[in-house]
Amino acid sequence: MRMTFRNTSTLSLILSTVIVLALASAAYYLLVILPNESWTGLFPIVFQWIDLLFLLIGGGSLALLMMLFVRLVPSADYFYSDSVRLLADKLPLGWGAVFFLLNAFAEEVLFRGAIQEWLGLIPAALIFTVVHVAYYKKPLMLLYVLGTGLLLGLVYLCSGSLWICTLSHAFVNWLTIWMIKRGAIAYRPSETKIDEAKEEDPADELVKEQSSEQARQTALDDTANEDAALPDEAPEKTADSE
């Protein structure tokens, strides 16, 4: 399995995840480790059967919320995102799992591990919603993000484990991309289809421009030749008349 990073947008998504992870680490250290002198939610790692139940509930509830949202909204215009489309088009599922685990871990450490421990469930969910600036023009998508933040916050309150939140979060993100790749979600808004139908190959446009320029130049040359020929025709007509 190999992934190439030729697309700068893909690199920007990975870079943004690294930045969030750095911010999450700093926030978690300042708000959790220093005051409590413990790695609350992260260490020690203790996995019991009840944790498997929390994982199933967390991942299942997030997946159910996503599927309900996709089915209830009128069209893909209400939840379409260029970044999600980019991930679905460019990122293989295997690398997608790695990317979503890293991304989910960064967000869970920041919003559930640090901010929720500091401010509480609802403020953390609201901040989690506000930082998704790409959805400011899509109120329904913001509502979905808020619901996701509340569910993840409840999972953290019940389980006390950021690992379970991370796995649940990464699972629903990966599931979304998998469904888009398989065509289970019609993730292409109507205006995008119209734009794609009208979009032309830049090379074709260049050829058309060159052809138009040549046609204009040919027309100008013909006109110049006709104008140059007019004085020569005048004496012939005079001789014929005589």
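**Surface.** The accessible surface of the chain comes to about 15100 Å². Carbon and sulfur atoms hold 65% of that surface. I noted at once that this is a predicted model.

I then looked up a nonpolar patch on the surface. Leu-15, Val-18, Ile-19 and Leu-23 form this patch. Together they have about 370 Å² of accessible area. I picked out Val-18, which I found in helix 1. Is Val-18 buried or partly exposed? Its relative accessible area is 44%, so I logged Val-18 as partly exposed. The cut-offs behind that entry are under 20% for buried and over 50% for exposed.

**Fold.** Next I counted elements. I found nine helices and zero strands in the chain. Along the sequence the pattern reads α-α-α-α-α-α-α-α-α.

I also checked how far apart in sequence the contacting residues sit. Among contacts with a separation of 6 or more, 76% join residues 24 or more positions apart.

**Interior.** How much of the chain is buried? I noted 34% of the 242 residues.

I turned to the largest nonpolar core, which has 50 residues. Those with the most contacts inside this core are Tyr-28, Met-66, Phe-79, Leu-87, Tyr-144, Ile-185 and Tyr-187. Which helices supply at least two residues each? I listed helix 1 (8–36), helix 2 (49–72), helix 3 (82–90), helix 4 (93–119), helix 5 (121–130), helix 6 (139–159) and helix 7 (162–181). Helix 7 gives the largest share of the core, nine residues.

I followed up on Tyr-144. Leaving out residues up to four places away in sequence, Tyr-144 touches Leu-65, Met-66, Phe-69 and Val-172.

**Helix 6.** I gave this helix its own entry. Tyr-144 is one of its buried residues. Others I marked as buried there include Met-141, Leu-142, Val-145, Leu-152, Val-155 and Tyr-156. The buried residues of helix 6 also include Gly-147, Gly-149 and Gly-153. What covers them? The cover includes helix 2, helix 4, helix 5 and helix 7.

I then compared the length of helix 6 with expectation. Its 21 residues, at 1.5 Å a residue, should span 30 Å. I found its end C-alpha atoms 30 Å apart, so the two values agree.

My last entry is for the residue just after helix 6. Gly-160 takes a positive phi there, about 70°.

Technical notes
Residues numbered from 1 in each chain as written. Predicted model: local features only at pLDDT ≥ 70, side-chain atom pairs only at ≥ 80, totals over all residues. Heavy atoms only, no water. Core = buried A, V, L, I, M, F, W, Y, C linked by side-chain atoms within 4.5 Å. Buried < 20%, exposed > 50% of the residue type's maximum accessible area, 1.4 Å probe, protein only. Helix = DSSP H or I, 4+ residues; strand = E, 2+ residues; numbered from the N terminus. Contact = heavy atoms within 4.5 Å. Areas by Shrake-Rupley, 256 points an atom, 1.4 Å probe, with all protein chains shown as cover. Patch = residues over 30% accessible without salt bridge, like charges linked within 9 Å, V, L, I, M, F, W, Y side chains within 5 Å. Salt bridge = Lys/Arg side-chain N within 4 Å of Asp/Glu carboxyl O. Expected span 1.5 Å × (residues − 1).
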